[in-house]
Amino acid sequence: MVKRIKLRTLLIGGCITLFFLVLLLKVFWIQVVSGEYWHNQVVTQVERDQVIQPKRGTITDRKGNVLAADAPAYTVVVNPSIIQEYDLENEVVAKLHQLLKTPEDELRKHLSAKDKDGKYLKNREIRNGGWKVDPELKAQVDTFKEYLKDKYEVIGAVDTVQESKRYYPENKLASHVLGYYRKDGTAGMGLEAYYNKELSGTAGKLLYQRDRKGVPLQGSESIYEPAQNGKNLKLTIDDTIQYYIEGAMQEAIATYNPKTMTVVAADPKTMDVLGMASYPNFNPNTYGSTSSMEHFRNNATQSIYEPGSTFKIVTLAAAVQEKVFNPNETYQSGMIRVGGWDIRDVSRNWGTLTYLQGVKRSSNVGFVHLGLDKLGGERLRKYINNFGFGVKTGIDLPSESSGAITFHTQYKSEVATAAYGHGRVQVTPIQQVAAISAIANGGKLMQPHLVKEITNPDTGEVQTIQPKEVRQVISQESALQTSSYLEQVVSDQEIGTGRLAYIDGYRVAGKTGTATKVVGKVYDHSKDVVSFIGFAPVNDPKIAVLVVMDEPNKSVGGGTAAAPVFKKIVSQSLQYMGVPKTGAKANKSDSAAVKTVNLPTVPQLTGQVKKDAQNALLKQGIAYETVGKGSKIVRQYPEAGVKMKPGQRIYLLTEDSANMTIPDFTGVSLRDTLQVLTLMKVGVQVSGEGYVVSQKAQMVSGKRIVNVTLQPAKETVTGVKPEETPDSTTDVASNQKGSTAKTSTDSKTDTTASASSSRETSKGGSSAVADEKSAAAIKGEDN
């Protein structure tokens with residue numbers, strides 16, 4: 001009995017000892033042999049690494065109006081586990097199909113989704129229909145969520161998660177410049193793609209320890225690296241000028257229904273691009289629904305085409321620079337035979353012309369003489385290269401084309417056709433705008449650019465993009481002479497091909513173009529690319545514009561179809577920029593007749609909704625400044641019914657608050673400045689006389705005072721001494737002279753300034769190169 005008890009004790013003790021040995025071995029294995037593995041497992045479950053997404057940078061126009069920004073968006077999520085538990089699948093499918101337009105069979109897949117263990121999921125995003133939806137749709141989903149809660153006492157079956165998406169408040173405006181940003185976080189094209197690195201910023205992170213419920217552990221260490229937000233871009237684009245461009249394009253498209261259309265506007269002195277548009281276009285908010293990839297093509301930088309007679313500006317400038325252009329020398333127009341092929345003018349009835357008359361009439365024969373006989377192939381090619389053709393301009397947009405200058409200088413026929421923009425000459429619109437700007441600004445080829453400033457929102461650091469000069473192409477004197485000849489293309493109302501681009505009160509220089517397109521290797525005379533290029537005012541250029549229409553549905557030339565578009569855009573833009581009109585003369589035959597300037601009457605805007613008032617002014621081409629952040633116009637200056645003065649703008653006050661920003665009065669008369677500041681109840685101190693050249697706001701004895709410095713207006717003509725200024729520049733804005741004031745006009749109520757100025761808004765074709773014989777025989781046409 002005792003022996004049996006001992007054996008039993010030994011057996012139990014042995015088992016216990018063996019158990020502890022196994023336990024100790026297991027502990028040793030876990031803590032020592034596999035210690036690193038299990039440590040990593042615990043860290044994975046306890047530590048959480050949360051990514052902090054940066055905010056994408058905002059894109060604004062040159063005045064600060066937002067063109068692209070991040071906006072709130074929401075993703076619809078469902079809980080299949082709850083939906084199946086409460087048997088809500090049919091009802092949820094029906095409602096989400098109605099709201100999100102997602103197919104019912106696709107919704108059922110989401111609502112019945114299971115994990116690898118066969119259990120229904122607890123969180124499922126509804127893509128694509130419910131991905132990053134607008135607040136309006138989110139509100140409808142929330143209403144349905146509340147319905148489920150009230151009727152079935154169910155919480156969490158359907159919900160929304162806040163995110164953000166890219167929003168373009170002006171919709172199609174400047175779409176090819178801006179590009180688009182996809183929901184998956186990738187940039188599509190345009191500035192969004194070119195400056196994606198700057199706009200994106202850098203993600204931050206938060207590393208902390210938590211319990212199994214996700215609550216941070218007390219006393220645990222955390223690592224926080226803040227996100228670096230994307231940088232903001234301020235563009236050279238002016239959204240008001242962009243609005244003028246796209247509005248004029250819409251009218252031309254309705255009339256001529258071209259295959260594509262392109263307009264580029266720039267400041268010729270800096271090559272700041274003021275506006276750029278291509279047709280057909282797209283809405284970057286709904287880029288996924290665009291019907292054709294052709295809508296995404298930015299013709300201004302990507303399409304190449306034979307320019308036709310607008311290219312004659314290069315030949316003319318080269319001939320002037322080389323001193324081989326004698327405006328009074330004559331030649332026989334009509335037809336010339338080169339290399340066995342005939343090159344013709346649009347008319348054979350002109351007879352003997354002077355070279356200046358040939359420029360006005362856009363005579364192909366005259367330019368063949370200039371390019372082939374007087375310059376020669378080598379010199380012509382040198383100037384074509386120096387004006388920037390055949391290479392990329394370096395504009396800050398992706399996928400820019402370099403064009404193609406492939407004519408051989410030893411072949412007379414190729415040199416001859418290149419002299420008037422045909423044959424082996426293919427260019428981009430932005431190259432042509434850079435070239436005409438070089439003539440306008442005194443001979444300097446400037447690099448075009450679209451971004452004016454890059455701002456770091458976290459540090460406030462601002463990087464200003466300075467204008468970049470590529471090279472001096474021609475002398476300032478040659479540029480002035482060339483400009484004067486191009487001005488006569490517009491001002492001569494009898495034989496000037498650009499006469500329809502004439503603008504009352506402004507000196508305009510320009511050139512028409514009509515190029516027959518190549519189909520295969522043969523010119524198809526039923527298909528044309530028509531264009532007009534020019535700048536204004538000639539004496540102090542503020543804007544250069546190119547208008548290109550590819551295959552208009554009517555048999556028209558650049559002078560008929562494109563020049564009026566140029567006129568509409570430039571006249572509106574100059575008025576908007578506050579450029580004073582002069583008594584420019586339009587020549588008819590050998591006499592001159594001064595055109596009467598018809599100025600608009602100020603409309604009644606007080607009481608209107610701000611956006612409605614702004615749109616009404618935009619349609620009339622009236623410049624305005626909005627002051628305040630209100631939604632309605634409470635006061636205006638000038639008052640309704642008053643006849644506007646040249647270069648004057650309307651001031652729209654939207655609040656009576658003392659926080660309104662003081663507008664920029666540079667170039668404004670003293671009278672207008674005093675009237676507006678009086679309406680704003682701001683004190684004024686004036687020095688000098690004439691027009692405002694500078695202003696400074698300060699607080700004096702608790703009141704807001706603006707110190708205004710005035711200088712007399714000076715109307716000068718580039719390259720002409722004041723005493724030699726021609727009659728064509730007589731100032732008709734003399735009734736806008738500023739008065740002298742040496743006293744301080746104080747106000748009864750002080751104001752603090754806060755600026756609020758808004759401008760709200762609403763493809764050149766490519767062609768192949770023909771063979772040498774066809775190119776030599778082509779007939780250029782200008783109307």
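How many of the residues of the protein count as buried? Of the 783 residues, 50% count as buried, where buried means under 20% relative accessible area, exposed means over 50% and partly exposed lies in between (1.4 Å probe, protein chains only). This is a predicted model in which residues are numbered from 1 along each chain as its sequence is written, and side-chain values use heavy atoms, with hydrogens and water left out. Local features need pLDDT of at least 70 and side-chain atom pairs count only at pLDDT 80 or more, whereas totals for chains, interfaces and linings use all residues.

**View 1. The whole protein and the confidence of its parts.** The protein has 22 helices and 32 strands, which are DSSP runs numbered from the N terminus (helices H or I, at least four residues; strands E, at least two). The protein averages a pLDDT of 82, and 83% of the residues score at least 70; pLDDT is the predictor's confidence in each residue, from 0 to 100. Among the elements, helix 17 has the highest mean pLDDT (98) and strand 32 (residues 744-745) the lowest (34). Over residues 714-781 the pLDDT is below 50, although this stretch has 217 contacts in the model beyond near neighbours in sequence, a contact being heavy atoms within 4.5 Å. Where pLDDT is low, the predicted coordinates should not be read in detail.

**View 2. The largest nonpolar core.** A nonpolar core is a set of buried Ala, Val, Leu, Ile, Met, Phe, Trp, Tyr and Cys residues joined through side-chain atoms within 4.5 Å. The largest one has 94 residues, and those with the most contacts inside it are Leu235, Met276, Phe325, Phe387 and Phe389. Helix 17 (residues 429-440) gives the most to this core, with eight residues. Leaving aside neighbours within four places in sequence, Phe389 is in contact with residues including Phe311, Val314, Ile405 and Ala435. Apart from this core lies another, of 50 residues, among them Ile241, Val556, Leu605 and Tyr624.

View 3. Ile12, Ile16, Phe19, Phe20, Leu23 and Val27 make a nonpolar surface patch of about 550 Å². Val27, which is found in helix 1 (residues 2-33), is partly exposed, with a relative accessible area of 35%.

**View 4. Gly351 in its loop.** Gly351 is found in the loop between strand 13 (341-344) and strand 14 (352-354), and this glycine is partly exposed, with a relative accessible area of 22%. Not counting residues up to four places away in sequence, Gly351 touches Tyr331, Gln332 and Ser333. Gly351 and Gln332 are 19 residues apart in sequence, but 5.9 Å apart in space, C-alpha to C-alpha.

**View 5. Two cis peptide bonds.** A cis peptide bond joins Tyr279 and Pro280, with omega about 5°, and Pro280 is found in the loop between strand 10 (272-279) and helix 11 (299-302). Another cis peptide bond joins Ala536 and Pro537, with omega about -20°; the place of Pro537 is in the loop between strand 22 (522-536) and strand 23 (543-550).

View 6. Phi of Asn257 is near 45°, a positive value in a residue other than glycine. Asn257 lies in the loop between helix 10 (239-256) and strand 9 (260-267), and is partly exposed, with a relative accessible area of 47%. Phi of Glu551 is near 55°, also a positive value in a residue other than glycine, and Glu551 has its place in the loop between strand 23 and helix 19 (558-576).

Definitions and conventions. Patch = residues over 30% accessible without salt bridge, like charges linked within 9 Å, V, L, I, M, F, W, Y side chains within 5 Å. Areas by Shrake-Rupley, 256 points an atom, 1.4 Å probe, with all protein chains shown as cover. Salt bridge = Lys/Arg side-chain N within 4 Å of Asp/Glu carboxyl O.
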